[in-house]
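I opened this entry to log what I looked up in the structure.

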Amino acid sequence: MVEFLTNFSQNPVSVALATSPWVVPTMQCIHIMALAIIFTSVLLIAMRMLGYAWGGQSVRQTVDRFMPWAVASLVALTLTGLVMILAEPLREILALSFWFKMLLLAVGIAISIRFLRRVHTDAAYADATVDPDPGTRTATVLTVVVWLAIIFLGRFIAYDALIWGPLSPIGYI
Amino acid sequence: MNLDEFFASLQYSAIGEWVNSAGPTFPIIESLHVVAIALVFGTILIVDLRLLGLASTSRPFTAVAHDLLKLTWGGFVLAVITGVLLFLPNATTLWLNFEFRTKMMLLLLAGINMLVFELVTVRRVGVWDITVPPPNAARIAGLLSIGLWGGVIVYGRLIGFASAVNDPFALLL
């Protein structure tokens, strides 16, 4: 795997991206801004579910306000993330933090899709005066926790061996 | 005591040494800093987009701002605490660092922009609270805020490329 990735990292596109003085920093900046947007979007929806924010508007209206921004951010995060992987494949693919992050990302997206389907089919969510059911409320809080963990794991990619010790494959190279 | 001595005393203080000690202390503080940035930038962006008349237009400006104020300040306090902790172990080089100084300058300008907006434009909020788009003074404040806070993120990220980073792949590139 290390050998394959080392060879792969020598492909012309990766070399160009990795040696560019601006590509990786620019991708990281966009990645942070997009992550800020998706995190606050998820947080505001959870706060609306708990009755702490966006009062006077239904859950469906709140979701319609924040979800397009969250989806656009997810696209930006994916694209900038892919460029960073291409630029530094060893640093990303070998990191345990990267794979835990991807796992939690899948969990977060799965919970969100279920939640969105519910919000758009159940008429109660279009009524600003109806309290959401406790199960769905818990799901949105869980999404916030998942995104918090994703933020931590994203930063941990840069310190994989330090965080996971001998468990991190990066410690061995 | 001159400034060099002052920053050296910070760097070699017990708390500075603690942040820099082996183990996951530094990455954890850095992750918390990213969470704080996400809160500050994400919530400010929601307010700025409302000021520009581009989003959340079905709610009065004061309702949008009220919902987000505590999150913004909570995030800002967390960003300052974690930011000071991250500054300490590299105090002697960081206070001379161009990217760091630019970031502090942009933070100051963002603060001035907010202060002018709060003291001048918000005074007449009763007139434009539900107006879409809001008056030019409010839109200019929103646009300046997005630019300045975006700049804070960019220069904050660039500090990491200017100072020595413990990157196991630095030698491979």
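My notes on the fold, the interface and the salt bridges follow.

**Conventions.** I worked on a predicted model, in which local features need pLDDT of at least 70, side-chain atom pairs count only at pLDDT 80 or more, and totals for chains, interfaces and linings use all residues. Residues are numbered from 1 along each chain as its sequence is written, chains are lettered from A and ligands numbered from 1 in the order in which they are written, and side-chain values use heavy atoms, with hydrogens and water left out.

**Chain A overall.** I looked up the secondary structure and found eight helices and zero strands in chain A; these are DSSP runs, helices being H or I of at least four residues and strands E of at least two, numbered from the N terminus. Along the principal axes, the C-alpha atoms of chain A fill a box of roughly 60 × 30 × 25 Å. I noted that 49% of the 173 residues in chain A are buried (under 20% relative accessible area; exposed is over 50%, partly exposed in between, with a 1.4 Å probe and protein chains only).

**Interface.** I then checked contacts, meaning heavy atoms within 4.5 Å. Between the chains, 37 residues of chain A touch 39 residues of chain B. The buried area there is about 3,200 Å², with 78% from carbon and sulfur atoms; this is the accessible area (1.4 Å probe) that two parts lose on being put together, summed over both.

**Salt bridges.** My rule was a side-chain nitrogen of Lys or Arg within 4 Å of a carboxyl oxygen of Asp or Glu.

E30(B) is buried at 14% relative accessible area, and R155(A) counts as buried at 17%.

Within chain A, E88(A), R91(A) and E92(A) are joined into one network by salt bridges that share partners. I logged R91(A) with E92(A) at 3.8 Å, N to O, and both are buried.

I also looked up D133(A) and R118(A), whose closest N and O atoms are 3.3 Å apart in a salt bridge. D133(A) lies in the loop between α6 (96-121) and α7 (134-156) and R118(A) in helix α6, so the pair ties together parts 15 residues apart in sequence. D133(A) is partly exposed at 27%, and R118(A) is partly exposed at 33%.
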